[in-house]
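Please read the points below with the model open beside you. They go through local geometry, salt bridges and packing in turn.

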Amino acid sequence: MDKGYLSEDTPHNSKSLLLDRNKQKLEQHQFTTEHYNLLTSSKHFCMLPWLHLHGWTDGNAYPCCMADMEIPVGNLRKNTFEEVWNGESMKQLRLNMLQDKPSDTCKKCYELEKSSLFSLRNESNRNFAYAVDYIDNTYEDGSADPNIFYWDMRFSNQCNFSCRMCGPQFSSSWAKESNSMYNRKVPIIDYTRGSKQLNWEMVEPYIDNLHKIYFAGGEPLMMEEHWRLIDELLKRGKTDVELIYNTNFSETKYKKRNIFETWKEFELVSVGASLDAMGARAEYIRKGTKWDNIVRNREEMLSICPTVDFFASATLQALNAYHIVDFHNEWIQQGLIETYDFHVNVLQGPEWYRLTILPQQMKEEVVQLYKDHIEKINFNDDIMRASNGFTGAINFLKQEDRTDLLPKFREEIRKYDSYRNENFVETFPELKELMNGL
């Protein structure tokens, strides 16, 4: 049976060691026709509900980080991990997927795929295809044994940034700012299960079974739980666990420990740095950024652990719609990334920052800008990570007209510019037209 679709590269994985390991697992696996069709042809099946559960800092749990946040499948502060794992919502989700039926919580992946963008569903079906036999152990009611291969729990919202498109639930800096702006007294730092120790008691039983861990936040490199889990993996000799990071890339040292030295201990590390722009634009979009420090961190990483996979994970939105191409080109020219080390993550919310708020003329300009850029980079984009991202962004732009959200966009810009003493028009002169009416 042809396994080409399942062995292609994905946005998170570009190093040959990972590809070789996945390819070997696939070659050793004998897929049934039913399994193969679910993995490659189904519009709704995803491996994650059999291997993974995602927890937010307020305790709410979801099938994955792309799930609709308005539809939790349980709460990890009110129930045990196992109770949530086989709660009614998770059981029904598994049954829907096995019957190729859509689920409301999965609509973000469906939307991305409609624009020909690579979704977490696509990626998970490729990365975990070798574990598809686990679905055969699904009980008639949709329950399943917790075989946790992939861990993605946002241990807390501890973060030193307050990015424009984020909020208090993902950032303690945002929570502090929100309390100040609205005279609130809500907790600055939230923990998924209520405390660091309860977080650990949830994770520890499943460590030996892990194949992959996704660290995000908040800012994971600042979190004690991240380092405790890393040390436990080293203690147990599990250096073959794949480590994936989403980090703002500002803090690379923790209690005198350098993360670059630690990453050298593991076979597979992939670092997606949340970098959307350069200089003043970067510092505006992600408040807390000191751009010179970001550049120095990347240069140090290249010196200490040059073989660790690194890519800029740029959140593409109205704010950086024009500038993102300059950023990509500049980092290539400076030797900080290869052409393909650039992942375009199209922002889906908040809606008032989406690309689709752009007026028609600006949309046409941006589309042409991306087409020209794709033509320029195609030759060196071996795995089509960047090219496909910009192509998907073009498709996304054409999906809808949300210029009705411009008043809300202006309101948000005005509110935070005033509080933060920032100036949108001075920082983004190319977007001055969006401010008409301010």
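1. Start at G218. This residue is found in the loop between β6 and α11; helices (H or I, at least four residues) and strands (E, at least two) are DSSP runs, numbered from the N terminus. The peptide bond from G217 to G218 is cis, with omega near 15°.

2. Provenance. This is a predicted model, in which local features need pLDDT of at least 70 and side-chain atom pairs count only at pLDDT 80 or more, while totals for chains, interfaces and linings use all residues. Residues are numbered from 1 along each chain as its sequence is written, and side-chain values use heavy atoms, with hydrogens and water left out.

3. Another cis peptide. The bond from G349 to P350 is cis, with omega near 5°. P350 lies in the loop between β13 (342-346) and α16 (360-377).

4. F249 has a phi of about 65°. F249 sits in the loop between β7 and β8 (253-254). Its relative accessible area is 0%, hence buried (buried means under 20%, exposed over 50%, partly exposed in between; 1.4 Å probe, protein chains only). N421 also has a positive phi, near 55°. N421 is in the loop between α18 (406-420) and α19 (424-427). At 72% relative accessible area, N421 is exposed.

5. Helix α7. Which residues of α7 are buried? In this helix (residues 107-114), they are C109, E111 and L112. Seen down the axis, the buried residues fall within an arc of 160°, so they line one face of α7; the arc is that of the directions from the helix axis to the C-beta atoms. They pack against α8 (120-127) and α17 (385-397). S116 follows α7 and has a positive phi, near 65°.

6. Salt bridges. The whole structure holds 27 of them, each a side-chain nitrogen of Lys or Arg within 4 Å of a carboxyl oxygen of Asp or Glu. K91 and E88 form one, at 3.0 Å from N to O. Both lie in helix α6 (residues 88-98), 3 residues apart, about one turn of the helix. K91 is buried at 11% relative accessible area, whereas E88 is exposed at 61%.

7. A bridge between loops. R236 pairs with D208, with the closest N and O atoms 3.0 Å apart. R236 is in the loop between α11 (224-235) and β7 (242-247), and D208 in the loop between α10 (196-203) and β6 (212-215), so the pair ties together parts that are 28 residues apart in sequence. R236 is partly exposed at 26%; D208 is exposed at 54%. Elsewhere, R164, K287, D417 and E422 are linked in a salt-bridge network.

8. N320. This residue lies in the loop between β12 (309-316) and α15 (323-333). The N320 side chain reaches the backbone oxygen of D276 at 3.1 Å. Leaving aside neighbours within four places in sequence, N320 is in contact (heavy atoms within 4.5 Å) with D276, I285 and T315.

9. Nonpolar core. How many residues are in the largest one? There are 132, and W151, W263, W331 and Y370 touch the most other members. Such a core is a set of buried Ala, Val, Leu, Ile, Met, Phe, Trp, Tyr and Cys residues joined through side-chain atoms within 4.5 Å. Beyond neighbours within four places in sequence, the contacts of W151 include H52, F81, M202 and Y214.

Note on methods:
A polar contact is a pair of N or O atoms within 3.5 Å; within protein, one must be able to donate a hydrogen and the other to accept it, and residues adjacent in sequence count only if both atoms are side-chain atoms.
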